[in-house]
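Welcome, and please open your viewer. We will go from stop to stop, selecting a few residues each time and looking at what is there.

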Amino acid sequence: MRVRVATTALGITAALLAVPACSTDTTGSEHRTSSSRTGEPTEAAQGPAALSSAALESRLLGPRDLGSGYLPKPERPAQHDDVTVIGCPALNELGGDAATGGTLAFPHKAKADFTYGGSSSEISEELYSDSVKKLSDGTGRIFDAMTGCPAYQVVAGGTPVDVTSQKLPAASVGGDERWSLLLTFIAGGRSTVVKQTAIRDGSLLLVLSGSPALVDRHLDKALAKATATS
């Protein structure tokens with residue numbers, strides 16, 4: 001079974017398309033599997049109003065926040081290559097709705113990408129804002145789908161990419177809900193490991209992706225700045 005995927009709200013496709021240019025990740029982190037989702041909003045929960053994209057932009061980490069050795073990564077030209085996912089029923093069930101960025105394309109968003117130390121190590125921060133329910137349901141669906149298949153293949157722009165995924169323990173750093181996963185991409189004889197952690201705090205969603213050690217190093221700081229009220 002195949003499902004054609006244009007993109008995903010959490011930037012998985014961008015990582016897939018970048019795999020051939022990446023080398024094996026050597027930053028390292030402890031890889032453990034367990035349930036990664038904690039807490040769920042109740043029907044009666046009254047969440048705060050959504051933040052604008054401009055407000056989210058001001059809450060992103062910058063070079064000063066990250067420290068020395070981090071450089072903004074030039075924006076990649078828009079990719080229009082179709083992506084095909086093979087061997088993952090969980091992603092297949094999402095079909096052309098969530099898997100193509102439908103209900104997961106939150107209206108308010110901001111993003112920043114950085115490279116570290118002139119190496120292949122990268123870190124990406126995404127901020128989204130919407131209603132509590134939409135953020136919770138949308139994020140949960142895509143993370144459940146990505147971790148529902150321990151191994152599958154993606155063909156991006158004609159390049160086959162073998163993918164393995166596993167849930168990670170949710171980081172105890174705050175927020176109302178937390179998800180975390182580890183993805184390993186293998187293409188053209190090269191491999192890269194990407195850790196992706198998402199934290200929902202009210203009507204704000206933080207997604208930090210990249211080299212596992214960099215994600216672990218900056219998660220607390222990213223959440224603190226993203227949720228600061230002054």
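Colour the protein by pLDDT, the predictor's confidence in each residue, from 0 to 100. Confidence is highest in helix H6 (residues 212-226), at a mean of 96, and lowest in strand E1 (residues 2-5), at 40; helices (H or I, at least four residues) and strands (E, at least two) are DSSP runs, numbered from the N terminus. This is a predicted model, in which local features need pLDDT of at least 70 and side-chain atom pairs count only at pLDDT 80 or more, while totals for chains, interfaces and linings use all residues. Residues are numbered from 1 along each chain as its sequence is written, and side-chain values use heavy atoms, leaving out hydrogens and water.

Now select residues 12-38, where pLDDT stays under 50. Where pLDDT is low, the predicted coordinates should not be read in detail. Over the protein, pLDDT averages 76, and 70% of the residues score at least 70.

Switch to a cartoon view: six helices and ten strands make up the secondary structure.

**Stop one: Thr 197.** Select Thr 197 in strand E9 (residues 190-201). Is Thr 197 buried or exposed? It is buried, with a relative accessible area of 3% (buried means under 20%, exposed over 50%, partly exposed in between, with a 1.4 Å probe and protein chains only). Its side chain makes a polar contact with the side chain of Ser 180, at 2.9 Å (a pair of N or O atoms within 3.5 Å; within protein, one must be able to donate a hydrogen and the other to accept it, and residues adjacent in sequence count only if both atoms are side-chain atoms).

**Stop two: the aromatic pairs.** Three pairs are counted here; rings of Phe, Tyr and Trp (its six-membered ring) pair if their centres lie within 6.5 Å, with planes under 30 degrees apart stacked, over 60 edge-to-face and the rest tilted. Show Phe 106 and Tyr 128: their ring centres are 5.6 Å apart and their planes at 70°, so this pair is edge-to-face. Both Phe 106 and Tyr 128 are buried. Next, show Phe 143 and Trp 179, whose ring centres are 6.3 Å apart with planes at 20°, so they are stacked. Phe 143 belongs to helix H5 (residues 132-147) and Trp 179 to strand E8 (residues 177-187), so the pair ties together parts 36 residues apart in sequence.

**Last stop: Gly 87.** Select Gly 87, in the loop between strand E3 (83-86) and helix H4 (89-94). Gly 87 is partly exposed, because its relative accessibility is 45%.

Notes: Contact means heavy atoms within 4.5 Å.
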